[in-house]
Amino acid sequence: MGGLAVRVDGLSFTYAGSPFPALREVSLKIERGEFIIITGPSGCGKSTLCRCLNGLIPHFYPGKMEGNVEVFGMNTRFYTPKHLARFVGLVFQNPENQLFSLSVEGDVAFGPENLGFPREETVKRVEEALSLMGLKEVRDRAPYELSGGQQQRAAIASILAMRPEMVVLDEPTSFLDPRSSLDIIEAISFLNRRLGITVVLVEHRLDIASRFADKIYILDEGRIVDEGPPHQVYGRRETLLLGVGVPRISLLFQLLRERGIPVKEIPLTVKEGAEKLEAFLVDRN
Amino acid sequence: MIEIEGLAFKYPNGVLALDDVNLKIGEGEFLALMGENGAGKTTLIKHFNGLLKPTAGVVRVDGLDTRHLSVASLSRKVGLVFQNPDHQFFCETVREEISFGLLNFGYPRHMIEKRVNQVLRMLDLERYSESSPFALSGGEKKRVALASVLAWNPKYLVLDEPTIGQDALQKERLRNFIIQLITQGKCVVVVSHDVEFVAECKPRVVVLSKGRIIADGPAHKILSSEEVVGRGSLIMPQIAELMKLLKKHGFPAEVIDVYTACMEIQKRMSRGP
């Protein structure tokens, strides 16, 4: 399905009591089905932008908002987070803050029950979400008994049960060990490719996620300062100077380029990088 | 020195979180604790300042058995910065938050003021000194939590996941900062899932799994070992993985950081046919 998932127009926001705006004249468009990464130095406004995408701003955070945010054609000024929850699911850093039931199943059922779906529909959605996230075997366990990775899967499943068109994830792997982080990012990419769910991922650690992204936005002091496909953005010197944690493999190629080695495209994965280097080394010898 | 001998810890619900842990951490040492979620990393560091007392075995800080010491007295030596800063804050401004420990330890006013300004500067927090700590971004909160512990200058500094929410420049600053502390003879222990950060810092790495130490050694050996990385639920730093793929071109297997890799590649490129 074509069309726009998100249209942000001249958005500025200042939290009540804060001396400076968290977002300044941000404009962007996200197509349906895209996988977007938003990154930038800490305090740049990433989390604030997330809160604007499901209506938490302006409905729950007091402050001054200018400009407009439209999500699937709905202006967030006029639609509440409850209404938007059917379209946009938000996943936070720490799954502990998102899970509160005594069983995984209970947590996953909470959304559809709360939206007032009939029992059969809720059951259907819970089954679907549990199986998508590979949680069927632990459905009766309490969330706190699960590993960190399973907890984050449960948090994502509880969002999926509302069958959103888009998921917004705010550093979803920060609290996870490296292996589980990789699993979660792969699971998110699966939702994007197989189900066409639009993904907006806010991340500092770009080493794992970059290869899945269509486009990356860089925010600095509340403004969008760069955007484009990751291999282009990572090839620019300014990106590094801003403090964007580009994947080490991309950084390596940028350093090689600066030292006069003719690197055409910056790789995003180790495999790509190894192939490029092989080609160079074979040329030489 | 922190000495841990035969440490076991069982939570009241019966879960054995640590099992026969033996570890010595010396002055001027930089150590990273890694391992899967639930491996026992946080449980272990809570023994350093007496928040938890061993079920079996012994933990000594500078020769003193932690079983006989209060958290308050151990805290002067061992500063713990927790993963979630919200659990640590309770003051109305960043300045008060950072002053709190010093006030509690009874330092005179003018010294506190000086010291607080110093750490605010060190951690790039000056502009937030009068803000509420709760109003800051995740990354900024982490720095306030670190500042509030650094303020009283503990000999052992223990940081639980310090890089969460920090951008690359902040991480670089944190790394330099840790190195500076080490050269002053302090001891820094970092609990981290951030493989790339650890690869850049190159500390001694201890890997925990299911409450036991499964590996202990320098970062370039631990993080380039497929076996340890697999058992510890880690992933290999991208550079180490690259070096493995290019092994047949004679690249050294234990390179884990981007700058050394860059030099190695240049060496081979400039050799010419």
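1. Ala109(A) counts as buried because it has 22 C-beta neighbours inside 10 Å. The term buried applies when 20 or more other C-beta atoms lie within 10 Å of a residue's own, exposed when 12 or fewer do, and partly exposed in between, with C-beta atoms placed from the backbone. Ala109(A) sits in helix α4 (residues 104-114) of chain A. Helices (H or I, at least four residues) and strands (E, at least two) are DSSP runs, numbered from the N terminus.

2. A note on the model and its numbering. This is a predicted model, in which local features need pLDDT of at least 70 and side-chain atom pairs count only at pLDDT 80 or more, while totals for chains, interfaces and linings use all residues. Residues are numbered from 1 along each chain as its sequence is written, and chains are lettered from A and ligands numbered from 1 in the order in which they are written.

3. Setting aside neighbours within four places in sequence, Ala109(A) has contacts with Thr122(A), Val126(A) and Ala161(A). A contact requires that the C-beta atoms of two residues, placed from the backbone, lie within 7 Å. Ile159(A) is 50 residues away from Ala109(A) along the chain, and their C-alpha atoms are separated by 9.7 Å.

4. Chain A has an open sheet of 6 strands in the order β6-β7-β8-β3-β9-β10, and its pairing is mixed. Its edge strands are β6 (88-91) and β10 (223-228) of chain A, each of which pairs on one side only. Neighbouring strands are turned by 15 degrees against each other on average, direction ignored. Two strands pair if DSSP finds at least two bridges between them. Strand β9 (residues 215-220) of chain A pairs with β10(A) in the antiparallel sense over 5 bridges, and Ile216(A) stands opposite Gly228(A) in β10(A).

5. The contact between the chains takes 38 residues from chain A and 37 residues from chain B. On the side of chain A that touches chain B, at least two residues each come from α6 (148-160), α7 (178-195), α11 (248-258) and α12 (270-284) of chain A. The largest share, 7 residues, is that of α12(A). By class, this side of chain A has 17 nonpolar, 14 polar and 7 charged residues. Here Ala, Val, Leu, Ile, Met, Phe, Trp, Tyr, Cys and Pro count as nonpolar, Asp, Glu, Lys and Arg as charged, and the others, Gly among them, as polar.

6. In chain B, 6 strands form an open sheet in the order β6-β7-β8-β3-β9-β10, with mixed pairing. The edge strands are β6 and β10 (212-218) of chain B, each pairing on one side only. The twist averages 15 degrees from one strand to the next. Strand β3 (residues 30-34) of chain B runs parallel to strand β8 (residues 187-191) of chain B, joined by 4 bridges. Leu33(B) stands opposite Val191(B) in β8(B), and Leu31(B) has Val189(B) as its bridge partner there.

7. α5(B) touches β6 and β7 of chain B, and its direction makes about 170 degrees with that of β6(B). Helix α6 (residues 168-183) of chain B touches β3, β7 and β8 of chain B, at about 145 degrees to the direction of β8(B). Axes are lines fitted to C-alpha atoms, for helices over the stretch in contact, and angles run from 0 to 180 degrees between N-to-C directions.

8. How many residues of β8(B) are buried? The count is 5 of its 5 residues. Cys187(B), Val189(B) and Val191(B) lie on one side, and Val188(B) and Val190(B) on the other. In a regular strand the side chains alternate between the two faces of the sheet. β7(B) and β8(B) run parallel and are joined by 5 bridges; Asp160(B) has Val191(B) as its bridge partner in β8(B).

9. Strand β6 (residues 78-81) of chain B is also covered on both faces, with Val78(B) and Leu80(B) buried on one side and Gly79(B) and Val81(B) buried on the other. β6(B) runs parallel to strand β7 (residues 156-160) of chain B, with 4 bridges between them. The bridge partner of Leu80(B) in β7(B) is Val158(B).

10. The buried residues of α4(B) are Ile112(B), Val116(B), Val119(B) and Leu120(B). They cover an arc of only 105 degrees around the axis, which puts them on the same side of α4(B); the arc is that of the directions from the helix axis to the C-beta atoms. The face turned away from the buried side of α4(B) carries the exposed residues His110(B), Met111(B), Lys114(B) and Arg121(B).
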